[in-house]
Amino acid sequence: MNINSSILLVRYLMYIESIPALRRFPMQRLFRRVMQVSPSRLIRLFGVLFLTSALMQPLVAHGAAPNGIWLRVDTQEATLTVMKGDKAQEVFSNIAIGSYGKTYFKMKGDRRTPLGRFTIAWIPAKSQYHRFLGLSYPDLERADRALVDGDITEAQWQAIRRAFEANRRPPQDTPLGGFIGIHGTGAGDLKIHRQYNWTSGCIALTNEQIDHLVDLVRVGTTVEIR
């Protein structure tokens with residue numbers, strides 16, 4: 001590792017130590033992985049690390065969508081709250097998440113809901129789950145970690161990065177999984193919905209709840225899952 005790489009890494013380590021513990025954990029894990037990367041790849045990744053760490057700061061500090069609306073998903077309390085700035089506007093209770101819980105490091109087929117901050121990237125006209133709000137997953141944070149771990153190729157990482165820079169839907173067919181969003185129950189059993197986490201990694205509301213939510217959001221609305 002050359003002297004310039006060492007200086008950059010020390011500065012990044014000092015930066016993540018100033019971040020609240022909940023947001024610090026995934027970046028510390030990524031930092032340990034980065035220490036094993038060759039200097040040439042390290043320099044290429046370092047600029048992205050600063051960008052993704054900035055995205056993990058509180059939403060109030062960074063603002064929200066033009067209408068001020070953003071969504072806060074609390075996986076512990078099983079609620080989805082419609083926020084305007086730092087004030088709660090509406091709360092949808094009894095939401096369901098992935099049947100195997102939540103994770104910072106989601107992979108394809110693990111049936112876990114990814115934690116982090118995303119945006120609504122697309123809203124299809126039809127869905128088997130009544131309505132669907134597709135999220136900007138996988139994001140750069142996960143792509144960086146997966147590249148360092150060897151879980152995705154550099155070509156896949158570049159495709160995710162290009163989508164992020166162009167504000168487009170990221171690739172949905174990498175080993176990180178895809179088609180993560182907020183949707184209704186469709187023709188599913190409401191009793192199961194109220195008793196169990198049943199999705200493949202998405203956030204599920206009732207059909208009535210998602211109908212109302214669709215009227216409050218747009219492509220670009222921020223969604224924080226915690």
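Q: Is arginine 131 buried, partly exposed or exposed?
A: This is a predicted model, where local features need pLDDT of at least 70, side-chain atom pairs count only at pLDDT 80 or more, and totals for chains, interfaces and linings use all residues. Residues are numbered from 1 along each chain as its sequence is written, and side-chain values use heavy atoms, with hydrogens and water left out. Buried means under 20% relative accessible area, exposed over 50%, and partly exposed in between (1.4 Å probe, protein chains only). Arginine 131 has 26% relative accessibility, so the label is partly exposed.

Q: Which residue forms a salt bridge with arginine 131?
A: A salt bridge here is a side-chain nitrogen of Lys or Arg within 4 Å of a carboxyl oxygen of Asp or Glu. For arginine 131, the closest N and O atoms of the pair sit 3.9 Å apart, and the partner is aspartate 211.

Q: Is aspartate 211 buried, partly exposed or exposed?
A: Its relative accessibility comes to 32%. Aspartate 211 therefore counts as partly exposed.

Q: How far apart are the closest N and O atoms of aspartate 139 and arginine 142?
A: Both aspartate 139 and arginine 142 are buried. They pair up in a salt bridge, and the closest N and O atoms are apart by 2.8 Å.
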